[in-house]
Amino acid sequence: MRDRLQHPRLGEIVLSCTRRSRRISLSVRPSGEVRLSFPPYVPLKKAVAFLESKAEWIESSRRKFAARPSRPSLSHEDIERLRAEAKALLPQRVAELAARFGLDYGKVTVRAARTKWGSCTGRNDISLSLYLMTLPEHLRDYVIIHELCHTVHHDHSPRFHALVDRLTDGREKLLARELRSYHIV
C-alpha cells in the first residue's frame with residue numbers, strides 16, 4: 001500500500017505499508033518528503049503514533065537539508081553518460097574485487113538509485129547506483145567491497161564489519177565516514 005496522509009504539523013506524509021518492512025521506520029528526503037514505512041501487521045494508528053514521536057527529528061532533518069547548498073542537477077545527457085560508464089566499468093570491477101577476495105556473487109545490475117549506493121539481495125545479486133561514477137575510485141571500491149561482504153554476512157553484524165575492515169586494510173570506518181560526505185546527486 002502506498003498512500004498519503006495529511007499531518008497537521010508535518011504536512012503530507014507518504015505511507016508505505018509493505019511486507020518487506022520489518023519494523024516502523026521514517027525517512028526524510030532532501031526534498032523534505034517524509035516517508036513512513038511499516039509492515040502490514042502494524043496498525044496505522046500505531047505507525048502514526050511513531051511518526052508523532054519523531055516530529056522534532058523530522059523538522060530538524062528538514063532544516064539540515066534546507067541549509068545545505070543546493071547541488072546542480074544532472075541533465076538527461078549527463079545521466080545517460082554516467083549510466084554507460086557505470087555499465088561498462090562497475091560489473092567488471094565487481095568481478096575483479098570478488099576474484100581478489102575469493103567471494104561469490106550472483107548478477108550485477110546498474111540502476112539509477114538515488115537513496116543507496118548499492119545493495120545485495122539474499123541470492124547475492126548486487127545492485128549498484130550509476131551515481132557511484134561521481135565518487136572517487138577508492139570510494140567506489142569501498143561500496144563494492146561492502147556489498148560483496150553481504151554475500152557472506154547478510155546483515156551489518158560485527159562479523160560483517162570485521163570482514164569489510166579486513167578487506168579494506170583496516171580503513172572501513174575512515175572510508176564510511178568519507179562516503180557520508182558525498183550525496184547522490
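Modeller: In this predicted model, a residue is called buried when its relative accessible area is under 20%, and exposed when that area is over 50%. In helix α6, the residues that count as buried are Glu172, Leu175, Ala176 and Leu179.

Biologist: What makes the buried residues of α6 one face of the helix?

Modeller: Viewed down the axis of α6, the buried residues fall within an arc of 100°, and therefore they line one face. An α-helix has 3.6 residues a turn, so residues three or four places apart point the same way. Lys173 and Arg177, on the other side of α6, are exposed.

Biologist: What covers the buried residues of α6?

Modeller: The cover includes α4 and α5.

Biologist: Which residues of α1 are buried, and which are exposed on the other side?

Modeller: Helix α1 spans residues 44-53, and its buried residues are Ala47, Val48 and Leu51. They take up an arc of only 100° around the axis, which puts them on the same side of α1. Lys45, Lys46 and Ser53 are exposed on the other side of this helix.

Biologist: Why is Ile13 called buried?

Modeller: The cut-off for buried is under 20% relative accessible area. Ile13 has a relative accessibility of 0%, and therefore it counts as buried. Ile13 belongs to strand β2, residues 11-17. Leaving aside residues up to four places away in sequence, Ile13 touches Asp3, Arg4, Leu5, His7, Val34, Leu36 and Leu51. Leu51 is also one of the buried residues of α1.

Biologist: What lines the second largest pocket?

Modeller: Rolling a probe the size of a water molecule over the atoms shows where empty space is left. The second largest pocket holds about 160 Å³ of space. Of the 13 residues in its lining, Arg100, Asp141, Ile145, Leu167 and Arg171 are the closest to the centre of the pocket. Helices α3 (76-101) and α4 (137-149) each provide at least two lining residues.

Biologist: How many residues of each class are in the lining of the second largest pocket?

Modeller: Six are nonpolar, two are polar and five are charged. Arg, for example, counts as charged and Ile as nonpolar.

Biologist: What describes the protein chain as a whole?

Modeller: The protein chain has six helices and seven strands, which follow one another along the sequence as β-β-β-β-α-α-α-β-β-β-α-α-α. Of its 185 residues, 41% count as buried. Its accessible surface is about 11300 Å², and 52% of that belongs to carbon and sulfur atoms. The C-alpha atoms fill a box of roughly 55 × 40 × 30 Å along the principal axes.

Biologist: What share of the contacts with a separation of 6 or more joins residues 24 or more positions apart?

Modeller: Such residues account for 46% of those contacts in the protein chain.

Key:
Residues numbered from 1 in each chain as written. Predicted model: local features only at pLDDT ≥ 70, side-chain atom pairs only at ≥ 80, totals over all residues. Heavy atoms only, no water. 1 Å grid on protein atoms, 1.4 Å probe; cavity = no way out; pocket = protein on both sides within 12 Å on 5 of 7 lines; lining within 4 Å. Points joined across faces, edges and corners; volume = space filled by probe spheres on them. Helix = DSSP H or I, 4+ residues; strand = E, 2+ residues; numbered from the N terminus. Buried < 20%, exposed > 50% of the residue type's maximum accessible area, 1.4 Å probe, protein only. Contact = heavy atoms within 4.5 Å. Arc of directions from axis to C-beta. Areas by Shrake-Rupley, 256 points an atom, 1.4 Å probe, with all protein chains shown as cover.
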